[in-house]
Amino acid sequence: MTELNPNTPVLVGIGIIEQRMDDPSQAKEAWQLMADSVSAASADAGAESLLKDIDKVYVPQSLWPYSDPARLIADEVGASKAKTVLGQIGVLQQTLIGDACEGIQKGDLEVAVVTGGDARYRELIARFGNIELTDTQQTEKPDEVLEPEAELWLEEETGAGLGMPVGYYAIMESAFRHSQGLSIGEHRDKIAAMYSRFSDIAADNPHAWKPQHVDADFIRNPSDKNKMLAFPYTKLHNTSWNVDQAGALLFCSVAKAQALGVPKEKWVFPLASTESNSMTCVSQRPELHRLPGAQLCGEKALEVAGIQSDDVAFLDLYSCFPVAVETYANELGVSLDRDLTVTGGMPFAGGPLNNYAIQSTCRMIELLRNNPEEYGLVSSVSGMLTKQAYGLWSCQPGSSDFANIDITDQVKERTPPVELDNSYEGKGIVAGYTVMYQGVDKTRAIAVIDQPSGKRSVCFSDSLALMEQMELEEFCGKTVTVKQHSFTA
């Protein structure tokens, strides 16, 4: 290995923790799982003394009640001098990784850990069993809080009936389908086959929550065990977040790794972290099927290493819903026929809320250590495909310093938000749509509609006949009539 800058950041340890206990009163809380993952990461590095030298602990926020989980973790593992950072929901997980690595590169930090996780399976079993759980309460504030700059949704969207992310993603899915010239049936077959392949990858992943093959037909078609949520998405197109999982990434400088004798076969180099924090809500995006941020971030990450997307052997594209995978692959210029996940994807490997990118990076590190000549690329998403990011990894050091690149300004220039006007009445063209479900019942069709003026409306229909028609016939590109926030064919 060539002489390296002593401040070069290097990942030396990963920790992957999972619990599945029938008695939730005996199960650990989310922060305890995270603490266990940090301890596991130091053991993986073969340098448990790193724990006391941690300068910063980064945690992405989830739905647990802790105000400063990083402090609970730091105290538990003996990192008494560590500063704590909380990345609020709406902040990319890759942002935390990039910040930690940049701090080491600049000499501001010597050791840092990024960890996250959740224990929602514990909560689910407790709720089913009518068992009351008492979680740790905190009043402390983190040393640093990272906040998103804007909201992830608009009143016009929620007013039309959009709530959970699945509806937003299904609308973007319809626009992507239309852009590819696929029929509704062809498209449903395609995303079902893709996710069935993901289940096969999960079956080979020792950390997957659901490590078993699932047939494409079962994923595609609604049933009692796989209900339709928002057409064309069934439950198995959706992330599994009711999991007890945690992950940790332990970083230090090359100088620190050398001083502690961390074996070089454990070293994996973060070559680049690229991100777009431009926040344009779904209905205001000029093209619902495009992600310019994913394109530009991908180009910048690969440029750092002087490689092309085809040179990346291991790829994990954020898989909360199929359109996240499809649009990232499209912007990267990679085929949907290649393997696009190393974990098996969020429905099968598990997707602890706001922490999947840390889990997938842990798995990526395992694969790269076994294939030290290869590159690995991990994508990250925040919100409704609102923010985009990548981490590029290799067991070989880069020819240049670690690059932490924010392209937010360039993305804002390319994606000026479309003005919404929900007072409009008249003809419009459907840009994207979905049919929402409650149980087995269709409840509402929601559509983003382009007006002749260039403005947009977010409208709904409660007509069952129209909803049935919209599941059989492509409505993207179709002219509809808008009146009083609703639409008719």
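**Figure 1. Helix H11 and the residue that follows.** In H11 of this predicted model, Pro 322, Val 323, Ala 324, Val 325, Glu 326, Thr 327, Tyr 328, Ala 329, Glu 331 and Leu 332 are buried. Buried denotes under 20% relative accessible area, exposed over 50%, and partly exposed the range in between (1.4 Å probe, protein chains only). H11 spans residues 322-332 and is mostly covered, with 10 of its 11 residues buried. Gly 333 follows H11 and has a positive phi, near 80 degrees. Helices (H or I, at least four residues) and strands (E, at least two) are DSSP runs numbered from the N terminus. Residues are numbered from 1 along each chain as its sequence is written. In this predicted model, local features need pLDDT of at least 70 and side-chain atom pairs count only at pLDDT 80 or more, whereas totals for chains, interfaces and linings use all residues; side-chain values use heavy atoms, with hydrogens and water left out.

Figure 2. Arg 290 is found in the loop between strand S9 (269-276) and helix H10 (292-305). Because its relative accessibility is 24%, Arg 290 counts as partly exposed. Apart from neighbours within four places in sequence, Arg 290 is in contact (heavy atoms within 4.5 Å) with Gln 295, Glu 331 and Arg 414. The side chains of Arg 290 and Glu 331 are joined by a polar contact of 2.6 Å, and the side chain of Arg 290 makes a further polar contact, of 3.3 Å, with that of Gln 295. A polar contact is a pair of N or O atoms within 3.5 Å; within protein, one must be able to donate a hydrogen and the other to accept it, and residues adjacent in sequence count only if both atoms are side-chain atoms. Glu 331 is among the buried residues of H11.

**Figure 3. Nonpolar cores.** The largest nonpolar core has 107 residues, of which Val 12, Ile 54, Tyr 169, Trp 267 and Leu 385 touch the most other members. Such a core is a set of buried Ala, Val, Leu, Ile, Met, Phe, Trp, Tyr and Cys residues joined through side-chain atoms within 4.5 Å. A second, separate core of 29 residues includes Cys 101, Leu 146, Cys 362 and Ile 365. Leaving aside neighbours within four places in sequence, Ile 54 is in contact with Val 38, Ala 79, Lys 81, Ala 82, Val 111 and Val 113.

Figure 4. S14 (residues 426-438) and S15 (residues 441-450) run antiparallel and are joined by nine bridges; strands pair if DSSP finds at least two bridges between them. Tyr 433 stands opposite Ala 447 in S15. The hairpin of S14 and S15 has two residues between the strands, and Gly 439 there takes a positive phi near 65 degrees. S15 also pairs with S16 (residues 456-461) in the antiparallel sense, over six bridges, with Ile 446 opposite Phe 460 in S16. In the hairpin of S15 and S16, five residues lie between the strands, and Gly 454 has a positive phi near 100 degrees.

**Figure 5. The largest pocket.** The largest pocket holds about 1,400 Å³ of space. Its lining comprises 48 residues, of which Met 164, Pro 165, Asn 238, Thr 239 and Trp 241 lie nearest the centre. The elements that give two or more residues to this lining are helix H6 (165-179), strand S6 (228-230), strand S11 (375-382) and S14. On a 1 Å grid over the protein atoms alone, a pocket is an open set of points with protein on both sides within 12 Å along at least five of seven lines, whereas a cavity is a set of points where a 1.4 Å probe fits but cannot get out; lining residues have an atom within 4 Å of a point. Grid points are joined across faces, edges and corners, and a volume is the space filled by probe spheres set on the points.

**Figure 6. The largest cavity.** The count comes to one cavity of 30 Å³ or more, and the largest cavity holds about 100 Å³ of space. Among the residues lining the largest cavity are Ile 16, His 207, Gln 245, Tyr 356 and Arg 363. Helix H12 (residues 356-370) supplies the largest share of the lining, four residues.

**Figure 7. Backbone geometry in two loops.** Phe 231 and Pro 232 are joined by a cis peptide bond, with omega about 5 degrees, and Pro 232 lies in the loop between S6 and strand S7 (233-234). Gln 484, in the loop between strand S17 (479-483) and strand S18 (486-488), is a residue other than glycine with a positive phi, near 50 degrees. Gln 484 is exposed, with a relative accessible area of 57%. His 485 lies in the loop between S17 and S18 and has a positive phi near 70 degrees; His 485 is partly exposed, at 41% relative accessible area.
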